[in-house]
Amino acid sequence: MAASLEELEQRLSQLRTELRGAVRARDKAETTRIRRALREAEAAWEHALETEAGPDGEALLTEPPAAQAPETTGAPRRKGRPAHGSIPIREQVHQSLTLLGAPASPKLISSTYEAFFTESLVATKLASLRRDEERSFTAQGYARPYYVCAALTHDRLVPARGLLALSTWPVERRIIGPLSPRTDFLTHAVGTAEQIQRLTTAGHPAPDAAWRLLRRFALTIPGAYDAAAPELDPARVIAAAHAEAAVHRQEDDQQRQAAAQRARSQLSDAQQLFGAAPMRDALRDASGTLP
């Protein structure tokens, strides 16, 4: 029988507590085992959440559209923001990634932009953006103030599938190691919560879609979400995300730094931004055909 969301959330909380203890005890074997169990439990939780939401609720879990329903909070629209597609897509992506603070998937980039900036950003339009940016960099070098580039795998230094980053970030920040997906997830949560805080402080209540996005993060961070509280607390999400990140940070940073050093010594400027060519591509470029 499949576990319920509540049971899975309890399991996740228990595993993270166990992981903290294993890390403190420097028990590498136990740490590896618990991290594997954590990944499995997180995947099961995502599946259970999608099952509970059903087809009609899928949009709330993936791409919360800004125009899905009339806003009931009375929050004013951002002044000076054009209504339809006047912002270049690369600028939209830049704004979302700057807010999130770490490499992200097109779907999350789209959801974030629509949640905070009221316009649509169609995730499918991002498919060719990185290739266009690479061609521009190859032709013009650092002519632009930034490029939308690739996150890099820590082992092969090739583009990490489905993740975009910014050229203004140091290589370490764009490396994806074994622990990086979770630490980047926590960074996304902090960035989202901080943006909501900034809007609130400025007297512009965050849109409902932004709160839904933050709730998605909070539900999988121990201590970030209090079901008994009348509303989500961004400060609580930030504190909980920082607390969990501290468990993973040292090992993740070491893996990223080691990979970044190899990238700087082995790769050209363009490859540091867009990744080394996978062996399959290199063979094709050398011979014109694949073996």
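Tutor: Let us begin with a definition: a residue is buried when its relative accessible area is under 20%, exposed when that area is over 50%, and partly exposed in between, with a 1.4 Å probe and protein chains only. Helices (H or I, at least four residues) and strands (E, at least two) are DSSP runs, numbered from the N terminus. The model is predicted, so local features need pLDDT of at least 70 and side-chain atom pairs count only at pLDDT 80 or more, while totals for chains, interfaces and linings use all residues. Residues are numbered from 1 along each chain as its sequence is written, and side-chain values use heavy atoms, with hydrogens and water left out.

Student: Which residues on the other side of α5 are exposed?

Tutor: The buried residues of α5 are Leu129, Arg130, Glu133, Ser136 and Phe137. They cover an arc of only 120° around the axis, the arc being that of the directions from the helix axis to the C-beta atoms, and this puts them on the same side of α5. An α-helix has 3.6 residues a turn, so residues three or four places apart point the same way. On the other side of α5, the exposed residues are Arg135, Thr138 and Ala139.

Student: How far apart are the end C-alpha atoms of helix α5?

Tutor: The expected span of a helix is 1.5 Å times one less than its number of residues. For the twelve residues of α5, residues 129-140, this rule gives 16 Å, and the distance between the end C-alpha atoms agrees, at 16 Å.

Student: In what order do the three strands form the open sheet?

Tutor: Two strands pair if DSSP finds at least two bridges between them. β1 and β2 pair in the antiparallel sense over four bridges, whereas β1 and β3 run parallel and are joined by two bridges. The pairing is therefore mixed, and the order of the open sheet is β2-β1-β3.

Student: Which strands stand at the edges of the sheet?

Tutor: In the order β2-β1-β3, a strand at the edge has a single partner strand, so one side of it is left without a neighbour in the sheet. The strands that stand there are β2 and β3.

Student: How many residues of β1 are buried?

Tutor: Strand β1 is largely enclosed by the rest of the structure. What covers the buried residues of α5 includes β1 (148-153), a cover judged by contact, meaning heavy atoms within 4.5 Å. The number of buried residues in β1 is six of the six.

Student: Is α4 mostly covered or mostly uncovered, and how many of its residues are buried?

Tutor: The buried residues of α4 include Leu108, Ile109, Tyr113 and Phe117. Among the elements that cover them are α3, β2, α7 and α8. Helix α4 is mostly covered, and the number of its twelve residues that are buried is ten.

Student: Which residue's side chain does a polar contact of 2.8 Å join to that of Thr183?

Tutor: Thr183 lies in helix α7 and is buried, with a relative accessible area of 0%. Leaving aside residues up to four places away in sequence, Thr183 touches His248, Arg249, Asp252 and Arg256. A polar contact is a pair of N or O atoms within 3.5 Å; within protein, one must be able to donate a hydrogen and the other to accept it, and residues adjacent in sequence count only if both atoms are side-chain atoms. The side chain joined to Thr183 by the contact of 2.8 Å is that of Asp252.
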